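Please keep the model open beside you as you read.

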There are 2 protein chains.
Amino acid sequence: MTTIQQLAEQSGVSVATVSRALNGSSEVSEATRERIVALAQELDYTPSAAARTLVSRRSHVVGVVLETGPDHPDLKHPFFQEVLVGLKHGVGAQGYDLLLFASERPGNGFGGTHSYLRRAEHHGVDGAILMGFDGDPEIARLAASSLPCVAVDADLDGPRTGYVMSENREGAALAVRHLHELGHERIATVTGWLRTKPGADRLDGFREEVERLGLEPRDEYVVEGDFYDESGYRGTRQLLELDEPPTALFAASDQMAAGAIRAANELGVGVPGGLAVVGFDDIALASLIQPQLTTVRQNMQALGEVAAEGLGRMIEDSEAAPVRRLVPTELIVRVSSGATEAPRAKALESEEVD
Amino acid sequence: MTTIQQLAEQSGVSVATVSRALNGSSEVSEATRERIVALAQELDYTPSAAARTLVSRRSHVVGVVLETGPDHPDLKHPFFQEVLVGLKHGVGAQGYDLLLFASERPGNGFGGTHSYLRRAEHHGVDGAILMGFDGDPEIARLAASSLPCVAVDADLDGPRTGYVMSENREGAALAVRHLHELGHERIATVTGWLRTKPGADRLDGFREEVERLGLEPRDEYVVEGDFYDESGYRGTRQLLELDEPPTALFAASDQMAAGAIRAANELGVGVPGGLAVVGFDDIALASLIQPQLTTVRQNMQALGEVAAEGLGRMIEDSEAAPVRRLVPTELIVRVSSGATEAPRAKALESEEVD
DNA sequence: AGCGTCTTCGGAAACGTTTACGCTCGCGCG
DNA sequence: CGCGCGAGCGTAAACGTTTCCGAAGACGCT
């Protein structure tokens, strides 16, 4: 590994000049800069991030903390993956790399639990992305600190902490309106995990739209789920066994929608004939489910990109206000909702557009 | 941010002693150690990874490079996500964090493309995980270097580079044997992307087992796909339009299997009645597909964990041979293959076990 | 009593950068 | 001709650690 000193010796200048030349400082003549750059190329010089971070107090790394544990969705959920690719592109474009906090060894030197804030300080990350948790006190400390943070799908805030979310309310309303336009009056929902903000928001959006449309709100048409397919299955069984079962269902996630379809099939109820179903997310496999899923697409990749971009701004400009952004959702009409006119063609068309 | 020096001053010892105390060196008395540790707790001391890395030449970070680009699966594929959670747990248990190379800014200081090897050296990662590529020259350079590396799903090797893969051959054979045991003689396959090792291996396994069972190998029963569902759809249409169409299909990925089912449905061929289908992967949503997918499970999470563990060993012990491991695959019988005896119960049972 | 050894600690160098400060030119201007 | 100024460069301090080397004392042995 060649160092800046070796470059200095071999080119007959001081280390300071080499550093300036490589960093594009204007205080060095064009001639010597070229000489030094050429030498650096030749010797395959690579600067040491550690040394640079140590003195400049900038690491060009942003941390990603996603709360993990038995109760937490972890990064197994397709949602995180999609957000992650957006994040990668977003931070990458700004010259940052991503650090995934994984180490389970105590903070360092001595025992004690591994606080996320400590990990962040330890690595000297320039900012952090917060994902997949619900009021974890550790995360709260991080959000309350002076480290630039952006939460994805949680309405955390702090002096330097913002958030990015999908328009969950509006999306849920979209779904309800769609079902209503198809003639349904008895519309039920299986909710997401209500301790999470998106879960709660989608339920709110559902209720608001039901009311706005003048439909009769019924408590028994709201059953609580947890985003995973098993809860969709159980919830739907419960709904279909009511005396007056719903004719349409809004499931707060595609996975629950898949569970719902399975439940309906088992009870001999056709989808969309006996029960029209709309999901939420538009995960990659939504179109593989039979019947193909009508769903509310949230652009998870965009979520990641927006978060990254907002975080970047906060890092560059210490005066910048924390980002607070909602990204739009969009109804994708496929088969499961029973849209009458040539659903297949319509679905294809809307995919072409994309 | 408190430093080791402040701890030294306030506790009346030298920095050397503080360092030793916090690192568990035996050269410090128990009394002073306790005093220092207590002080560190109180002042919320966090060591600087940058400084530590600089001098000790160990970063306790492992890099993750996944080749990205138009032609590459990128991290959008569910496969990577699952591997990633295994990786996270695996490296975390050994005290490492994960660095996802994202930055699109040129190496540093001067222009030139961002070599992965350079990035790795720049950050001083202790090792690297290689994923999702096929003979990329940049990756090859990395594998040829002296940096400990483990490739996932590619048979790279080098002085300090090993690999971890699923038993793709055996898995494919499992699928063929299962279909044969159900009475099928005309068994076809839609392959994965043959430039990748798993794609090629699954095809090999298919062919070997066909031969071993004494079935007639037919070239027109092998159609090339790319792991994604669209290719499964097209390939299956092609197969079903043959004069003598197959009665059973091995798709080299679950997504292609889903595409195959869609194609069969469109042509009025029932699954599993008209065409028995077996997939590969057992992605999380395989059981959401209708009919539920019989598939060869590869334990992607284990893949990540094994890779992490192997990498850790190579890092700790510079004499250690590069890890070369195949992790077992397993047939998961659900509905799509038309297994006769109570397929539903069997499927549930095998999920309970999990 | 002298000597070696072990324990516990401090001093200081080193890791590879960035950057504040200061120096030396050459040049233009009065 | 002298003065000031800017461009270009070097010196050295700093960043926060780890670790080598050595020193001082305690202690046991001959």
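1. How do the residues of the surface near DNA strand D divide into nonpolar, polar and charged? There are 14 nonpolar, ten polar and three charged residues. Here Ala, Val, Leu, Ile, Met, Phe, Trp, Tyr, Cys and Pro count as nonpolar, Asp, Glu, Lys and Arg as charged, and the others, Gly among them, as polar.

2. A word on reading the model before we go on. This is a predicted model, in which local features need pLDDT of at least 70 and side-chain atom pairs count only at pLDDT 80 or more, while totals for chains, interfaces and linings use all residues. Residues are numbered from 1 along each chain as its sequence is written, and chains are lettered from A and ligands numbered from 1 in the order in which they are written.

3. Back to DNA strand D, which is surrounded by 27 residues. A residue is near a molecule or strand if its C-beta atom, placed from the backbone, lies within 6 Å of it. The closest are Ala16(A), Thr17(A), Ile4(B), Ala16(B) and Ser19(B). At least two residues each come from helix 2 and helix 4 of chain A and from helix 1 (4-11), helix 2 and helix 4 of chain B. Helix 4 of chain B gives the most, with five residues. Helices (H or I, at least four residues) and strands (E, at least two) are DSSP runs, numbered from the N terminus.

4. Now turn to DNA strand C. Around DNA strand C there are 27 residues, and Ile4(A), Ala16(A), Ser19(A), Thr17(B) and Val55(B) come nearest. Helix 1 (4-11), helix 2 (15-23) and helix 4 (49-56) of chain A each supply at least two residues of this surface, as do helix 2 (15-22) and helix 4 (49-56) of chain B. By class, the surface has 14 nonpolar, ten polar and three charged residues.

5. How are the two protein chains related? Chain A is superposed on chain B by a rotation of 180° with 0.0 Å of shift along its axis, at an RMSD of 0.1 Å. The two copies are thus related as by a two-fold rotation axis.

6. The contact between the chains takes 51 residues from chain A and 51 residues from chain B. Two residues are in contact if their C-beta atoms, placed from the backbone, lie within 7 Å. On the side of chain A that touches chain B, helix 5 of chain A gives the most, with seven residues. By class, that side has 25 nonpolar, 17 polar and nine charged residues.

7. Strands also meet across the two chains. Strand 2 of chain A and strand 2 (residues 97-100) of chain B pair in the antiparallel sense over three bridges. Leu100(A) has Leu98(B) as its bridge partner. Two strands pair if DSSP finds at least two bridges between them.

8. Chain B has an open sheet of six strands in the order 7-6-8-9-10-12, with mixed pairing. Strand 7 (222-223) and strand 12 (329-332) of chain B are the edge strands, and each pairs on one side only. Strand 6 (residues 187-190) and strand 8 of chain B are parallel and pair over four bridges, with Thr189(B) opposite Phe250(B). Strand 8 (residues 248-251) is joined to strand 9 (residues 276-281) of chain B by three bridges, and these two run parallel. In strand 9 of chain B, Ala276(B) stands opposite Ala248(B), and Val277(B) is the bridge partner of Leu249(B).

9. Look along strand 8 of chain B. Ala248(B) and Phe250(B) point one way, Leu249(B) and Ala251(B) point the other way, and all are buried. A residue is buried if 20 or more other C-beta atoms lie within 10 Å of its own, exposed if 12 or fewer, and partly exposed in between, with C-beta atoms placed from the backbone.

10. Finally, visit Leu331(B), which is found in strand 12 of chain B. Is Leu331(B) buried or partly exposed? Leu331(B) is partly exposed, because 17 other C-beta atoms lie within 10 Å. Not counting residues up to four places away in sequence, Leu331(B) touches Leu174(B), Ala175(B), His178(B) and Val296(B). The C-alpha atoms of Leu331(B) and Thr295(B) are separated by 6.0 Å, though these residues are 36 residues apart along the chain.

Conventions: Least-squares fit on C-alpha atoms with pLDDT ≥ 70 in both.
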